[in-house]
Structures are given as structure tokens and as C-alpha cells.
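Hello,

Here is the structure I promised to pass on to you. Please open it alongside this message, and then read on for what turned up in it.

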Amino acid sequence: MFDGYDSCSEDTSSSSSSEESEEEVAPLPSSLPIIKNNGQVYTYPDGKSGMATCEMCGMVGVRDAFYSKTKRFCSVSCSRSYSSNSKKASILARLQGKPPTKKAKVLQKQPLVAKLAAYAQYQATLQNQAKTKAAVSLESFSWGNYINSNSFIAAPVTCFKHAPMGTCWGDISENVRVEVPNTDCSLPTKVFWIAGIIKLAGYNALLRYEGFENDSGLDFWCNICGSDIHPVGWCAASGKPLVPPRTIQHKYTNWKAFLVKRLTGAKTLPPDFSQKVSESMQYPFKPCMRVEVVDKRHLCRTRVAVVESVIGGRLRLVYEESEDRTDDFWCHMHSPLIHHIGWSRSIGHRFKRSDITKKQDGHFDTPPHLFAKVKEVDQSGEWFKEGMKLEAIDPLNLSTICVATIRKVLADGFLMIGIDGSEAADGSDWFCYHATSPSIFPVGFCEINMIELTPPRGYTKLPFKWFDYLRETGSIAAPVKLFNKDVPNHGFRVGMKLEAVDLMEPRLICVATVTRIIHRLLRIHFDGWEEEYDQWVDCESPDLYPVGWCQLTGYQLQPPASQSSRESQSASSKQKKKAKSQQYKGHKKMTTLQLKEELLDGEDYNFLQGASDQESNGSANFYIKQEP
């Protein structure tokens, strides 16, 4: 094992390479290999009325008809564009050495022409800076520095079963030894040395070279799944030299004896670790595959889209009718928003037929078995019925859980849900959730778990009481036993850092924090942004990733704002929350213009609902407060 050790004075020109085995590799064991002194490696088993102005497009309209809790935007589109532009502006400010500003100040209430001119100038500036400072804004953020300077902790890789190595991470932990490039060396060739893991943060590890003892002067962060990280013994097997760092070269005369003493009984990575990393980053979805995906402008229906690219299991989908291929949608391959061709027809879901009468050359339907499976349910017995009340995460404002109604029961356990008080007459703003979805809850869930429930728009009897509302509307609550009550041992803790998709702008992945945990429900806060942009997400959501995922897959990570900006935003958020505590928290999700477009659209199809045969399953209990 230590035959690869060479002193600094020896020639280190030898090298070798080995071809990857095509044989199937068994899953990683629960324990890591133990280093023995004989060189062998073995494994141990084991809302007020009035007018408002849109801060994005400048349109003036009735305040109650505006989108978002703060009534700052006229539509979902403006809210999303504003969110994206503000994050870009923050990054640009950091490039220019200016302190980042709050989202609310990125685009002030200005005439539309002035905003467009300012944005055009910003885009030109961004392009000019890209020529001289390519990727500076992204590279300037370091997870290691961020975690070290604030003593943060990160969610472990094992919390993310859909991420690379999520199911076979093993017990990689502190004190595990690895062989890494020696950067404290003046030799012209690439040499290695052994380092131990001091701290883990997702895929990232803080390493310290052997021999430095308690000296952290040359500690460094790296991605443990990187190509330059190897198990102890790799250098000997590959003919690579082990050379001690120049800073400590004088400490010992017999480095080989030092290594034998230090490493005997220590743990290292499995010998096939790099191969398992490579295998876990192979994805079945390929470009040119056709899928059915939710229409991002009209959530009540699906459209055909084509896979344009695949990055770390995330798909960039381009709607089939997009001639310039810019009308796209990002989601993970395991997202509940995508389905095989023909899914809408099979369950009775609305579908927008494409103008394209035949498949384009090279495009082909994605095999149905590649999509995420939903639990089978039995709809023949007691089941959800139209008109039943429940609580649901609003897909157009993911920071809120709202009073909702089942508007239509589809086949195979799927339901069309509408948010009370803000629905269009034709159902164009309904959205589809499966009966086992962790995003719908029984009546009383928010009250029991001390979560603020958003009442129907215009409802004046506050505070909201379910008992009174059900009696006033002549409605019944959906039976508690029909909801998904499974709560996995997910491993998340409040305060843990991770990388999370901004689901209102799903092409963005941001630095984020878990701020609340309610059973399997996580509240995700985007570092540096206001609390109104927080999102409720399921613990098994494929839109959450370990720290270091973006670096590993080559995806762009959106950095947080500065500490001073976060503090000012936090204070502002608390003041606004206190001032608005007795005001309506709901929102209007669709503008009049969008409704007209929906009504004029003659390409919507309602397929007949098919039959279903499934079985229900559930454990644990929801304890609902009963009122007289």
C-alpha cells in the first residue's frame, strides 16, 4: 500500500492507467475499508382595496387582482421575471464591488420604457463583463468559506436518495483517509499525499494533510466525488508517487514508517468508489425524448415537450411548438410534473394539442417505465369526491398553504385542486395533485402544526375557522385516512444547508437553508432573500440537492446575498409581517388577459376519465382538533 511513497528528491515520472471494468459492481458496504499494516485492505461487515402598480411591467390595476401576498405584481409571469432579474442584479452588483440590494429595490416603480431601457443596459453590461470576468460571480462563492465563517452544517448526502451516491454513500465521515494531489510541492510533476477528512458538508470535505497534526494552515475543501480523490492504496496500485508537503518535509526522516503508524486501522474509501460515482451519474433520459409536461402558463393542462439537455438528472424541456426553442421548462427527471406521452388521455387530464401533426426527425416518445411511479390506490371504496375541502400548497405561491377544494376526480388517484376564493369560472387555474401527494393535507393540518393557513380571497371572518367555513359553504372535509401519512426518517434538521431549486424560476438552483420541519414537510429559505420567497417542499423532493451538487454536475449555483443584506431584509420582513397580520394573505393567480387567452384557446381537450384499480396504504396518524 505504501510502495507508492517517494521522497522529494526521487524522480517521480512513473505513471499508469487502468481501464474501467464493464462488470456490474455490487453496492457499497455499510462500512468502509480498514487499512492494515500488511498493505492489504479488507471490510468489516456490518390585502386592502385600492389600486396598485406592477413593479415589473408598470401596469396599473385593482390591488386585489394582483398576484403575491404583497400585491407587487400583476401576474405570475411578472413575479417570476422580477425574481430572476433581481438575482441577476445582485450578482452584477457583487461583480462591481457594490453591496447587493433587496429584491424590492432592484426594479423600482418606474415607467415601462425606463425599465426596459435599464434592463437592456444591464444585459449589455453583463455581456461585456462576461468577456473579461467569465464566471467570476459564480466562482467567487465558496461553500467551504461560507460554512467555515458561519459554523453552518450541511444536510448529509444520504438525505437525497435521487442525487448521485445518495443510496450508496456508506459511512463516509470524519477521519476517513484519502489520497489527494499535493499542492504544497515544487516538483514539476503531479504528486499525491494522504489527507484526512476534518469536516463533511454534503459532497464537500475539509481535508488536512497527514503530518500537520493540529495545524490547519493548509486545510482545504474539495468535492469528495471529484476525479482527484482516491482511496489509500491507489497510488501504489497506479504507480503514482506519494510526496509529503514541503512545509512539513523536515518533521520526519522516515515518512514510510510514519504512514504505517498513522494509517493502520484507519478507514478509507471503497476501492470502487469512483466507479460508483460514475455509475450514479448516468441518466436514462436523453435529448430528443418527448414527454408530457405541465403547461407553465396554464397549470390546468399538459403539453408535449422535448428533452433538450440533461444535467445531473435535471431536464431542460422545450415545448414542442417553440420554433426558436426558447420556450422551455426545467425539472428533474423524477418530477411529478412530467409524464409519458398519452398520460393525460389515460386519466382524463386536460391536454393542449400541439400544432405539429407529426414527430420531428429524431424525436421519440420516452419509455413509460422511466417516469417516477406513484403509489397505487383503490378508488372503488371510500374516496375523494368533488367539493370536498382540504389544505394544499399553492403551486403558484409555494410559501403558502391554502384552503382548497377538490374540483375533479381523475383516474389512477389523480385529483384536480382549486384554491378557494381565487379560481377561474372555467377551472383554468386548477392544478393536478396525486392523492398520495405530500403537498395536500387534511382539514386542520395547519392549525395542529402551527402553520399559517391562507384563507380564501375576500373571506372576512378572521381568524379563519374551519368549522364555521364548512358550515357556511355546506361542504365536508376530505376524510383524514385518505391522505398520505407516511413520514420517512429523512435525516434533515433545522438549520441545515443545501442547494435548492427556486420552483418559481426552476432553472435556478440557490444556496438554501431548512428553517422548519413539519413531519415530512420542509420549509426552504433562500439565503439572502426575503421570507416571502420561502417554499414548502417535501423531504423527498427531487428539487433538493446536497451541498456541492452544482459543482459535481457542472450546474450554475446562485450565491446568497451578503450578511448585512440578510439582516436588513429580516428586519424588514418582520415589520411587514406584524403590520399585515390581520390582512388577507391570499392572491390572484391569473390576470384578465390570461383568462381571455384561455377562453379563446380552442386547443384544449378534456379526455374522458378512465377506470382505475389500486390499493391504499398508510401509517401514522393525523390528529385533528374536533370542534363542537
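**Helix 4 and what follows it**

Just after helix 4, S151 adopts a positive phi of about 55°. Please keep in mind throughout that this is a predicted model.

Helix 4 covers residues 143-150, and its buried residues are W143, G144, Y146 and I147. Viewed down the axis of helix 4, these buried residues fall within an arc of 165°, so they line one face of the helix. An α-helix has 3.6 residues a turn, so residues three or four places apart point the same way. On the face of helix 4 turned away from the buried side you will find the exposed residues N145 and S149.

**Two nonpolar cores**

The largest nonpolar core has 70 residues, and the members that touch the most others are W169, I224, C225, F273, F492 and I524. Strand 7 (residues 192-201) supplies the largest share of this core, with 6 residues. Domain 2 (172-269) and domain 5 (496-558) each give at least three residues to this core.

Leaving aside neighbours within four places in sequence, C225 is in contact with M165, W169, Y203, F273, V277 and L552. Apart from this core lies another one, of 58 residues, which includes M333, I338, C402 and F464.

**Around E210**

Which residue does R177 meet in a salt bridge? The partner is E210, at 2.4 Å from N to O. This pair links distant parts of the chain, 33 residues apart: R177 sits in strand 6 (residues 177-181), while E210 is in the loop between strand 8 (204-209) and strand 9 (220-223). R177 is buried, with a relative accessible area of 11%. E210 also counts as buried, at 3% relative accessibility.

Setting aside neighbours within four places in sequence, F258 is in contact with E210, G211, E213 and Y252. F258 and E210 are 48 residues apart along the chain, yet their C-alpha atoms are separated by 9.4 Å. Is F258 buried or exposed? Its relative accessible area is 9%, and F258 is therefore buried, as that word is used for values under 20%.

**Other salt bridges**

- E320 pairs with R290, and their closest N and O atoms are 2.9 Å apart. E320 lies in the loop between strand 13 (314-319) and strand 14 (328-332) and R290 in strand 11 (residues 289-295), so the pair ties together parts 30 residues apart in sequence. Both E320 and R290 are buried.
- R520 pairs with E540, with the closest N and O atoms 3.2 Å apart. R520 is in the loop between strand 25 (509-518) and strand 26 (521-526), and E540 is in the loop between strand 27 (535-538) and strand 28 (544-545), so this bridge joins parts 20 residues apart in sequence. R520 is buried, at a relative accessible area of 12%.

Finally, salt bridges that share partners join D295, K296, R297, R301, R303, E321, D327 and K352 into one network.

Enjoy looking around, and do write back with any questions.

Best wishes

Notes
Residues are numbered from 1 along each chain as its sequence is written. This is a predicted model: local features need pLDDT of at least 70, side-chain atom pairs count only at pLDDT 80 or more; totals for chains, interfaces and linings use all residues. Side-chain values use heavy atoms; hydrogens and water are left out. A nonpolar core is a set of buried Ala, Val, Leu, Ile, Met, Phe, Trp, Tyr and Cys residues joined through side-chain atoms within 4.5 Å. Buried means under 20% relative accessible area, exposed over 50%, partly exposed in between (1.4 Å probe, protein chains only). Helices (H or I, at least four residues) and strands (E, at least two) are DSSP runs, numbered from the N terminus. Domain bounds come from an automatic or database domain assignment. Contact means heavy atoms within 4.5 Å. A salt bridge is a side-chain nitrogen of Lys or Arg within 4 Å of a carboxyl oxygen of Asp or Glu. The arc is that of the directions from the helix axis to the C-beta atoms.
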